[in-house]
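Me: I've got a structure open and I'm new to it. Could you show me how to read its features, one at a time?

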Amino acid sequence: MIKKISTFIENHYSTLVCLCISAYFVCALEVSTMIHYLPVLPLLLKLVRYAIYAALLILWGVEFCSRESVSKFSDFFSKFTLWLVNHLFFCLIAFIAIMIYLTSGSLIPFALLLMFGVMQYVKTEKVLKWIFFTQAITAVGIILLSLVGVIENLGYPTFLRGIRYSFGYIFPLELHVHFLILSLMYLYLYPKQHGWKSFLGISVLNFVLYHFTIARTSFILAEFAAIMSLIIALLPSRFKDSLCRWKSWRYLIPGLTVFVFLFFIFLCLAYNPDLLAWERLDDMLSGRLRLGQSALQTYPLTLFGQTVKWLGSGGPEGVYVWESAYNYVDNSYIKDLIDNGIIFWTLEILGYIWLQLRMLRSKNLMGFTIIWVFFILGMMEPRLVLIPFNFLLLLFGPACLASNVQVETWISKLSWIRDKTRELSVWQKALFVSLLGILLVFGFFRLREQRIRLAREKFADQLIDHRDQYTRELWMSESSESEDPFNWRSTIYKAVESTDSYEKKVYQFDKRNLSDEAFGKISELDEQTIERIYQKLVNNQQGSEAKTLNEIKNEVEKARLELE
């Protein structure tokens, strides 16, 4: 029986690999569609994903045994150990994947490694074509299911543009991003089809979807990709070849890639809501700068990532997330750094540098353009390491599975960095180090300043929450005060204990760090409510407590007068 199964796998290996990986891409999409809210089905799809992991592992093992002529377990152990010794870079990534799973619970690196392993014996283009067709069919199926009422077609009203429809996805943007990814896959897989037909086809569908979804970013990027495909198709072959052979690329690509990753993080760190220019830029980006800054201030950066409960809009439940609880970061550079850690984030940068150089060596200008479309999308959406939304991840396989000799060859090719560095004068090196130091110091103090600002705003929000609870307790107690004064006192004291009393919080908080904005929010309290609460609490508490409350009351009144 086992022999028959292994023979079947060997005979249909490439088809089985394509089927498993394309099925995984389809199953992973359910979290961004309304299928996620159907009973039982999400659990079933999750089990299917785990079954696909096991299937990929079996396929890899069987194919490895057949190619290495393994006849018994001892042969497999010795030959696979030798393979690991000859592929130390793969072992390093596997170790990092284990550490990320232990610290954050993410299986994304493991899934990628399994796919890289099975795809080393299959052409990548074949796998991508399967993924393209299955995802296109899935997108059409989801839209049809929403139109016939099997799953919900959510409508999001806007102020001036009418209603945005999601057509079975949890948010209209998700549908348009899915279309963008499919368009990029088509442009990558079928370069000979580039021309007016592909340009018009993508543009027409893009405008139709935009009419219903009003997703600006994905609409602009899809249209940009369509225009670039047309331009590349019309360029003379000699010009394209000379552009790909341009020697300066080996200097520009590493620098530009690192700059992009750091620049979009620096934008969030440098964001200042007190400046009108920053506020307008943040409005254009739908609050992404503010949310990115808040995430960097809230969650520490670690080597191997951490588990963060991201709360955002979308779907019947996510729509009702309170604004104060909304913390989802639509920025790949920040979200990847927080979720997966500094080491994986650094490997991601190196992987994209390698992929760009590979595209230029193979004279694939469209592939090079697609990478930069993903970079721009990464600022607006967390798609750079999400498997179902980034087919470029599957192109990293040859780099991850490179042998020790190949890695040494790549490192030796980087000797030009050392040579160019030696050519710099002492003053040039000192200037570079000084600028880098100034940037790091500025970033440190800017981050510290924003942490203090976030703490102040968060504290002010807590004051309002405690005020609301105090008001409710007071309203409930006043109705029974005349009948049972003791019950009223116990209610007030219970409110003080349960909410830890915002008056005590104000007193204990360092007043030098309490901003005018926080006092401004306190000053919005109803004056009569403040008077009744303070008066009754002061009358029913002892000396030190009463003195503290009077001091706080004076602080509030002083702040109100200053603001007026």
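This is a predicted model: local features need pLDDT of at least 70, side-chain atom pairs count only at pLDDT 80 or more; totals for chains, interfaces and linings use all residues.

Me: Which residues of helix H12 are buried?

Reply: An α-helix has 3.6 residues a turn, so residues three or four places apart point the same way. In H12, the buried ones are Trp 249, Ile 253, Thr 257, Val 260, Phe 261, Phe 264, Ile 265, Leu 267, Cys 268, Leu 269 and Ala 270. Helices here are DSSP runs of H or I with at least four residues, strands are runs of E with at least two, and both are numbered from the N terminus.

Me: What span should H12 have, at 1.5 Å a residue?

Reply: The expected span of a helix is 1.5 Å times one less than its number of residues. H12 (residues 249-270) has 22 residues and should span 32 Å, which agrees with the 30 Å between its end C-alpha atoms. Helix H17 (residues 365-380) reaches 24 Å from first C-alpha to last, close to the 22 Å expected for its 16 residues. H17 is also mostly covered, with 14 of its 16 residues buried.

Me: How many helices and strands does the protein chain have?

Reply: There are 26 helices and two strands in the protein chain. Of its 564 residues, 45% count as buried.

Me: Now pairs of helices. At what angle do the axes of H8 and H9 cross?

Reply: Two packed helices are described by the angle between their axes and the distance between the axes. Axes are lines fitted to C-alpha atoms, for helices over the stretch in contact, and angles run from 0 to 180 degrees between N-to-C directions. The axes of H8 (residues 172-189) and H9 (residues 196-213) cross at roughly 175 degrees and come within 10 Å. Under 35 degrees counts as roughly parallel, over 145 as roughly antiparallel, 65 to 115 as roughly perpendicular and the rest as oblique. H8 and H9 are therefore roughly antiparallel.

Me: And which residues of H13 and H14 meet?

Reply: Contact means heavy atoms within 4.5 Å. Trp 278, Leu 281 and Asp 282 in H13 meet Arg 288, Leu 289 and Arg 290 in H14. The axes of H13 (residues 276-284) and H14 (residues 288-298) come within 7 Å and cross at roughly 100 degrees, so these two helices are roughly perpendicular.

Me: Can we zoom in on single residues? What is Ser 22 in contact with, leaving aside its neighbours within four places in sequence?

Reply: Ser 22 touches Trp 130, Ile 131 and Thr 134. Ser 22 sits in helix H2 (residues 13-28) and is buried, with a relative accessible area of 2%.

Me: Where does Phe 167 lie?

Reply: Phe 167 is in the loop between strand S2 (163-165) and H8. Its phi is near 50 degrees, a positive value in a residue other than glycine. At 12% relative accessibility, Phe 167 counts as buried.

Me: And where is Ile 214?

Reply: Look in the loop between H9 and helix H10 (216-234). Ile 214 has a positive phi of about 50 degrees although it is not a glycine, and it is buried at 11% relative accessible area.

Note on methods
Residues are numbered from 1 along each chain as its sequence is written. Side-chain values use heavy atoms; hydrogens and water are left out. Buried means under 20% relative accessible area, exposed over 50%, partly exposed in between (1.4 Å probe, protein chains only).
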